[in-house]
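User: Please take a close look at one helix in this model. Then put that part in its wider setting.

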Amino acid sequence: MKEILLLKDGEIVLKGLNRRAFEDVLKRNIRTALRGTGEYEVTSAQSTIYVKPLGDDCDLDEASERIGRVFGLVSYSRAAMCEEKTMESVLATAPVYLAKQLKKAKTFKVEAKRSDKKFPCKSPEICREAGGEILRHFPHLRVDVHNPDVTVYVEIRDFGAYVHADPLRGAGGIPVGTGGKAVILISGGIDSPVAAYMMAKRGIKLTAVHFASPPYTSQRAEDKVVKLLRKVSRYAGSMRMITVPFTAIQEKLRDDCPEELFTIIMRRLMMQISERIAKQYDCAALITGESLGQVASQTIGALGCTDEAADMVVFRPLIGMDKQEIIDISYRIDTYETSIEPYEDCCTVFTPKHPRTKPILKFVKEAQERARFEPLVEEALQNLKITYINPED
Amino acid sequence: MHYLDNSATTMVSPEAAKKALEMMTEVFANPSSLHAFGIRAEAEVEAARKAVAAQLGCSDEEILFTSGGTEANNLALFGVAEARKRRCRKIVVSSVEHSSVIEAAKKLENDGFTVVYVAPRADGIIHPEDVAAAVGDDTSLVSVMRVNNETGAVMPVADIFEEVRDVNPDVICHTDAVQAFGKLECKVKKLGADLLTVSAHKVHAPKGCGALYIKKGVRLVPRQYGGEQQKKRRPGTEAAQTIAAFGVACEQFDIRANAAYVRQLNDYAKEKLLAIEGVVLNSPADALPYVLNITAGRVRSETMLHHLEKREIYLSSGSACAKGKPSHVLSAMGYDKDRADSALRVSFSKYNTKEDIDALAEGIAIGLRTLAHA
């Protein structure tokens, strides 16, 4: 039996005149996500995207799992394509295709969607006939229109008739790439991958910036970030990861700045460097995984000092979340176990014993200016390393 | 030489051997060492993990390397039984499993667990309803092999696991896929397996390496304690040379082409061998073509085996791990003792040719004429 994936657009149906453009991006993202699982024809009509396998070697299990991670879809179904757009064909298809689910269920109902108004049977008639046919095949079933174990959907559309069971929930959000581009600052902890995921969900195409301080940090710490970004890219699509050589800057920080301001000045420098990179790569915002009050550098005062370092808008999607809420998401997107691998990252090098929780911007700026980081920042920007991240690697 | 004992072990492919040598003489660092040299060795181990994962259609994080199939099977049985013993004290295995499952099950029985052994029907196949009938609320694990090592019988594990879960959705489903890996598609999602065992030396890689697929979220109590390797589930320095060679062997799989070729060999072997007076077929008709189990007259297996070895023809009487004990698999299929006592297992690989089969047919024919019958 030939199968097809029917995908329902999410928020983009609200986009009015820009809808076509949004849908084109969504289709492109779907094609990219399906790469390596077979050949498909991806078309759209009536706020549904049709993903039709071409040939028999498509891995639909994998394809449907990947579709579940594409932003911009509210729900999706794996459906059988009826041989012909006739009532007979629908009746022949439904009990066979859904046999497994129906055998296990106790109650069911049929729901018909007849968007092709030329189809001779009206919706209630379709339901009645299909329901009757299913009961003939599975006499143990009862019809329950309020709370059925299985709902059998019959969709009569312009291109054909389809049969499927309850749709699966899509990833929601809006298509990656329709919300502009931004830089995510990523360390390798639990928070930044979650922040990246959350902003990608709002349509942002990501460029990742990572700060490496060898020999204080190891290659494994950088590899861990690559691994994390690969997991994020299953949702956010492929992206660039830019590694900033940060050793000289951190050593200068240790030598020339007051200890209690190490972290705050370091974070300001990270913002400044990231902003420069963002401009270079046409990104309009920065994203961080900061959550208010989580650590000394994430108090209102500290965030104020960090924020002042960059002119660009800074997105902090985790700002009001508890650690456990963040961890829950990291489990869901499968980054948690990688995040907790124990390697030193740039944020844990030279941490002060007593960081200032209420830094005064004026003093912070003075200390930073006195140390003269500009030449080192320029040098770091000259020596960026670029790694391309793809979900399939 | 006519090597027809590929279910016992296989020749290491030249490419896999080359990788092992390279790992031992050049990339010999400890994969856990912090330095760059260690990272290089680790990268080789991780590449192999990906290669195994690709064949099983799972994430590389779900692959745990072991010292072989036996360790993986033991870890699956003891690991799950231990982890779930507070609520569930029953496990269900088929009666034709490899000894590394059967003996582990017996040990659990000794330790107070209830073990149900499900026998195959006369067709040599374990039937889903028979397994499901043995499963209850107190069952922690079901273990049914993908392909039987003595007869090549292909077990319907996907259907078995599905019916098992209809009875109790919490049962952990394990399949020993040692004889199927590289020969038959073993995608864990299609099979519905939570745990799956493979071994390197059956697929043209060196001995001393295997892997257990552990579905994300399935909890096992480790069998050994030590360092941080493999997320502490199987501590101990990874056998990087064997693992890397295993990865290379996996990349060389060509399941479809090899199956077609071996199917031809198997058909040819059936035609030649069954034409000999006194030779009968023990393998099920639709068995995996890589294994052909026959009984040759009433000459004891071992006698025939030693007769053939003089002609440089090498095969087994049954499982090599059983070391000559009468086959529990053939008995379970309902064959009488005489038939099991004279059974021979011919097992092929892509490296075999028709000449090997001609030599075998001639050898058996001569054996049947000249050797004393029991």
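Predicted model: local features only at pLDDT ≥ 70, side-chain atom pairs only at ≥ 80, totals over all residues.

Analyst: Start with helix α6 of chain A, residues 191-201. Of its 11 residues, 10 are buried. The helix is therefore largely enclosed by the rest of the structure. Buried here means that 20 or more other C-beta atoms lie within 10 Å of the residue's own.

Now go along the helix. A:Asp191, A:Ser192 and A:Pro193 are buried. A:Val194, A:Ala195 and A:Ala196 are buried too. After α6(A) comes A:Gly203. Its phi is positive, near 90°.

Next, chain B. Chain B holds 13 helices and 12 strands. Its C-alpha trace spans about 65 × 50 × 35 Å along the principal axes. The radius of gyration of chain B is 21 Å. A compact globule of 374 residues would have a value near 21 Å, so the two agree. Buried residues account for 51% of the 374 residues in chain B. Take the contacts in chain B between residues at least 6 apart in sequence: 73% of them join residues at least 24 apart.

Last, the contact between the chains. Chain B gives 5 residues to the contact, and chain A gives 5 residues. On the side of chain B that touches chain A, 3 residues are nonpolar and 2 are charged. No polar residue is found on that side of chain B.

Note on methods: Residues numbered from 1 in each chain as written. Chains lettered and ligands numbered in written order. Contact = placed C-beta atoms within 7 Å. Nonpolar A, V, L, I, M, F, W, Y, C, P; charged D, E, K, R; others polar. Buried ≥ 20, exposed ≤ 12 C-beta atoms within 10 Å, placed from the backbone. Helix = DSSP H or I, 4+ residues; strand = E, 2+ residues; numbered from the N terminus. Rg over C-alpha atoms; globule rule 2.2 N^0.38 Å.
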